[in-house]
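The stops below are given in the order in which to select them.

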Amino acid sequence: MKLGLFYEWPNPTTGDWKRLFEESIDQIQLAEELGFDFVFIAEHHFSNYGMSPAPLLQALAIAERTKRIRIGTAVLVLPVWQPLRVAEEIAVIDNLTGGRFFCGVGRGYQPHEFARYGVTNDDSRERFAEALDVMRLAWSEDTSFTYHGEYVDIPNPTVVWPKPLQKPHPPMLLAGTSAESLRLAAEHDLMSLVSGFAGTAAVREMTLQLLAHRQAYGKPVDTWELGAQTFCHVAPTNEEGRDAAKYPRWQNRAQRALNRGDVTDGRVNATTYEGEADDEAFWNALYFGNPDRVRDKYLALAEAGATFASCWMMTGGMPHDLLMRSVKLMGEEVLPAVHEAKPPAGLADELRHAGTPSD
């Protein structure tokens, strides 16, 4: 099982963004030294929930300060991009990073961000599908093509150069937990990234759904790539881990505020909300605590079918010294055992008795 860090640069106090970015570079460089496999970069706009509005620029800056670690987006929100332009930029960054880039995509989910780009939740799915079509054409066609969709129209014959270094294009990842997202990932042989917040039973069920869709499309079901997004922090003791839970708590509340458009001058109103998990339930959902607790939780995630995990450490204003300590403890005391973990061999057998996937 592979592990990587996840960044979207939350900034509760709207403080020094340059300092936040420089601190994250320090964390990523340490993670690379300790053997972490990748770093993910989110895309968010117009609020302090996450200050990552230029993920490809940020990816390139990280690449220039590292040597081995793979760098990917999680995700590019395709409905707000012009697909020819993003295909060009990804091809360039793939060449400039020596083929270390991988491309995570999604349709997004934040009305606050969509509205400022003239996109709605209702049209985002079709915009996403058309953008993905065009990107694939741009990377694969050496002769000019046209495209005529509802939202994307390319009437003039066009060819895109350069092509990506990785062939036919960088590895692609699709974020989403819906049945449609899992179906699309299976259809196009994309890696899948789902939420791990609901626990390992939910991840196992989503793995089985992905495999059922792969089976329906005639794809192998003895190999797959499915990752889980996790709030992660490794501390010397569980007590210190519990104390740090206030940082992802802010992040969770900030996300809900962004969902409901409770944003003033770019600052989310991260308050309690109806149905919010109590402290014990929230703690159980976190990959927080001493190395033994965190290690056991990731091993259970592998047993549920996850082949990689995204470790979201920089949440809600967590200080740099705690983040560096967490990366170090994770790399030294958790990562070696997790790297040895493999998904259960019995999932394919279980699939044969599960019937066809539901939509």
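In which loop is the place of Val 75? Select the loop between strand 3 (70-73) and strand 4 (76-77); Val 75 is there. Helices (H or I, at least four residues) and strands (E, at least two) are DSSP runs, numbered from the N terminus. This is a predicted model, in which local features need pLDDT of at least 70 and side-chain atom pairs count only at pLDDT 80 or more, while totals for chains, interfaces and linings use all residues. Residues are numbered from 1 along each chain as its sequence is written, and side-chain values use heavy atoms, with hydrogens and water left out.

**Cis peptide bonds**

Stay at Val 75 and show the backbone. The peptide bond that leads from Ala 74 into Val 75 is cis, and its omega is near 5°. Next, go to the loop between strand 7 (153-158) and strand 8 (172-175), where Pro 168 is found. Lys 167 and Pro 168 are joined by a cis peptide bond with omega of about 0°. Most peptide bonds are trans, and most residues other than glycine have a negative phi.

Now select the loop between strand 1 (2-7) and helix 1 (17-34), which holds Trp 9. Trp 9 is not a glycine, yet its phi is positive, about 55°. Is Trp 9 buried or exposed? Its relative accessible area is 0%, so Trp 9 is buried. Buried means under 20% relative accessible area, exposed over 50%, and partly exposed in between (1.4 Å probe, protein chains only).

Further along, Thr 14 lies in the loop between strand 1 and helix 1. Thr 14 is another residue other than glycine with a positive phi, near 45°. With 30% relative accessibility, Thr 14 counts as partly exposed.

**Lys 2 in strand 1**

Step back to Lys 2, which is found in strand 1. Select His 339 as well: 337 residues separate Lys 2 and His 339 in sequence, but their C-alpha atoms are 6.0 Å apart in space. Leaving out residues up to four places away in sequence, Lys 2 touches Asp 37, Phe 38, Thr 307, Phe 308, Ala 309 and His 339. Contact means heavy atoms within 4.5 Å.

**Helix 1 against helix 2**

Show helix 1 and helix 2 together. Their axes come within 10 Å and cross at roughly 50°. That angle makes helix 1 oblique to helix 2. Axes are lines fitted to C-alpha atoms, for helices over the stretch in contact, and angles run from 0 to 180 degrees between N-to-C directions. Angles under 35 degrees count as roughly parallel, over 145 as roughly antiparallel, 65 to 115 as roughly perpendicular and the rest as oblique.

Trp 17, Phe 21, Ile 25 and Ile 28 from helix 1 meet Gln 58, Ala 61 and Ile 62 from helix 2. By class, this contact of helix 1 with helix 2 has six nonpolar, one polar and no charged residues. Ala, Val, Leu, Ile, Met, Phe, Trp, Tyr, Cys and Pro count as nonpolar, Asp, Glu, Lys and Arg as charged, and the others, Gly among them, as polar.

**Helix 2 against helix 3**

The contact of helix 2 with helix 3 has, by class, seven nonpolar, no polar and one charged residues.

**Met 135 in helix 5**

Select Met 135 in helix 5 (residues 121-140). Met 135 counts as buried, at 0% relative accessibility. Apart from neighbours within four places in sequence, Met 135 is in contact with Leu 78, Pro 83, Val 86, Ala 87, Ile 90, Cys 103 and Val 105. The C-alpha atom of Met 135 is 8.7 Å from that of Glu 88, which is 47 residues away along the chain.

**Helix 7 and what follows**

The last stop is helix 7 (residues 200-216), whose buried residues include Val 203, Met 206, Leu 210 and His 213. Just after helix 7, select Gly 218, which takes a positive phi of about 75°.

Note on methods: The expected span of a helix is 1.5 Å times one less than its number of residues.
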